[in-house]
Amino acid sequence: MSAHNPAHGAAHNLPADLNPSPATSQVAFDPSHGPPSAAAMHEAHGHSMVAHQFDDLAQQHEASTLGMWAFLATEVMFFGGALTAYAVYRATYPEAFAAASRLENWFVGALNTGVLLCSSLTMALAVHAAQMGSRKWIVNWLLITVVFGTAFLGVKAYEYNHLIHEHLFPRADTFDAPRHDHETGVTKPPHFPPELRRPAQLFYSLYFGMTGLHALHMVIGIGVILVVAWQAWRGRFSPEYHNPVEMTGLYWHFVDIVWIFLYPLLYLIDRT
Amino acid sequence: MAAPHSQHPQVIGYHAPGTPDVPEEHSSTKHVSVATYLVIFAALMVLLVLTVGAAFWFNLGRLNILVALAIATVKAALVVLFFMHVMYASRLTKIFVAAAFLWLIILFGLTFGDYATREWSPVSRGWVENPATAGGSGGR
């Protein structure tokens, strides 16, 4: 990535047995320390903020950002495959997809989109707090982000529960079967006419698949945020070094973007 | 052992020593203000209401999907540029971001190009829709 200038950094690239100073070689090859040249300027809290393969903080930050975006590119393709399947089947079965989408609760979906946008704002504010060096507010904003994320998952669980209750989970044997209510003794008819039932089941396969993958990303994101919040609480970050907070933010915003597309595609087909 | 930053005490973002200085636009020091975040958040909320509104009150037929995707793309762009700081990132980061979406466009382009043009050629589309063998309803 970088055109590494051989003039600098050459000393700490020497193998240990060629290094004239045993004391220096000891430090240079200790993985918990950066190379002494670069690390000396960035010593904080007793350990270096620059990993030994980097020249300085700026290069390290650039490498983190690029690595995260390379990962997010694979995530774009991952969800892109699901979106492609969705697009092909929606184009093939427009009426069934419109009818199935109308059974989704658009209001709850919109509410959840709002919750996720709020969580993106608080995540951005957590990164801002890290840039400002406010340990307290990094932790606070991260925990508020977790609260919003958990609220989203809670609403998602409510929606799943409702859909499963309505026999809309895409199980081959029970999808859209008549629902018998034991308390009232009333049997509700299927939602779909027979000719739309199979493609509607396809819609719900995509619905549960895509929102399920998204929810899995949320669960992972919440876990990562909690770890980073713990690290922030321990005082690991500073205005100069807070890459984990920032990269977690990139991941969280990406998950938000996925939902920004999923909401209109799954909930708002043909509502007029 | 001269460290590179001793020659560049005010290094803004990484660039290889000896290369011309790039504009000081790197996210490592450029801070997006809280006011900017709040404005972007407000815009995202307005666009969310617009998405729902457009879906319910404007019957544009097949154009509905285009309106929904256009609004979603604007929302995604706001998140990428401001919440994810790409607006202020180095040129190399911007290329990485663009590449991510370039691959997506290739995926969509080739796949949808295939499906959109299948009707154009008279070759068989498989046993399901072959009049000689089709007993039931086909996929289309």
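Visitor: Is F82(B) buried or exposed, and how do I read that?

Guide: A residue counts as buried when its relative accessible area is under 20%. In this predicted model, F82(B) has a relative accessible area of 14%, so F82(B) is buried.

Visitor: And what about Y88(B), buried or exposed?

Guide: Y88(B) has 17% relative accessibility, and therefore counts as buried.

Visitor: How many aromatic pairs are there over all chains?

Guide: A search of the whole structure turns up 26 of them. To describe a pair of aromatic rings, we give the distance of the centres and the angle of the planes.

Visitor: Could you show me an example within a helix?

Guide: Gladly. Take Y263(A) and Y267(A), which form an aromatic pair with 5.2 Å from centre to centre and 40 degrees between the planes, a tilted arrangement. Both belong to helix α8 of chain A, residues 243-267, and they sit four residues apart, about one turn of the helix. Y263(A) and Y267(A) are both buried.

Visitor: Why is the pair of F82(B) and Y88(B) called edge-to-face?

Guide: Planes over 60 degrees apart count as edge-to-face. The planes of F82(B) and Y88(B) are at 70 degrees, with the ring centres 6.5 Å apart, so this pair is edge-to-face.

Visitor: Which residue lies over the face of W233(A)?

Guide: That is R135(A), at 4.7 Å from the ring centre.

Visitor: Now I would like to look at a whole helix. What is the reach of α5 in chain A?

Guide: Helix α5 covers residues 106-132 of chain A, 27 residues in total. From its first C-alpha to its last, the helix reaches 39 Å, close to the 39 Å expected at 1.5 Å a residue.

Visitor: How many residues of α5(A) are buried?

Guide: The count is 23 of the 27, so α5(A) is largely enclosed by the rest of the structure.

Visitor: What can I find at the two ends of this helix?

Guide: At the start of α5(A), a side-chain oxygen of N105(A) comes to within 3.2 Å of the backbone nitrogen of F107(A). Just after α5(A), look for G133(A), which takes a positive phi of about 80 degrees.

Visitor: Where is H128(A), and which residues is it in contact with?

Guide: H128(A) is part of helix α5 of chain A. Because its relative accessibility is 13%, H128(A) counts as buried. Setting aside neighbours within four places in sequence, H128(A) is in contact with V32(B), S33(B), V34(B) and Y37(B).

Notes:
Residues are numbered from 1 along each chain as its sequence is written. Chains are lettered from A and ligands numbered from 1 in the order in which they are written. Side-chain values use heavy atoms; hydrogens and water are left out. The expected span of a helix is 1.5 Å times one less than its number of residues. Buried means under 20% relative accessible area, exposed over 50%, partly exposed in between (1.4 Å probe, protein chains only). A polar contact is a pair of N or O atoms within 3.5 Å; within protein, one must be able to donate a hydrogen and the other to accept it, and residues adjacent in sequence count only if both atoms are side-chain atoms. Rings of Phe, Tyr and Trp (its six-membered ring) pair if their centres lie within 6.5 Å; planes under 30 degrees apart count as stacked, over 60 as edge-to-face and the rest as tilted. A charge sits over a ring if NZ of Lys or CZ of Arg is within 6 Å of the ring centre and within 35 degrees of the ring normal. Contact means heavy atoms within 4.5 Å.
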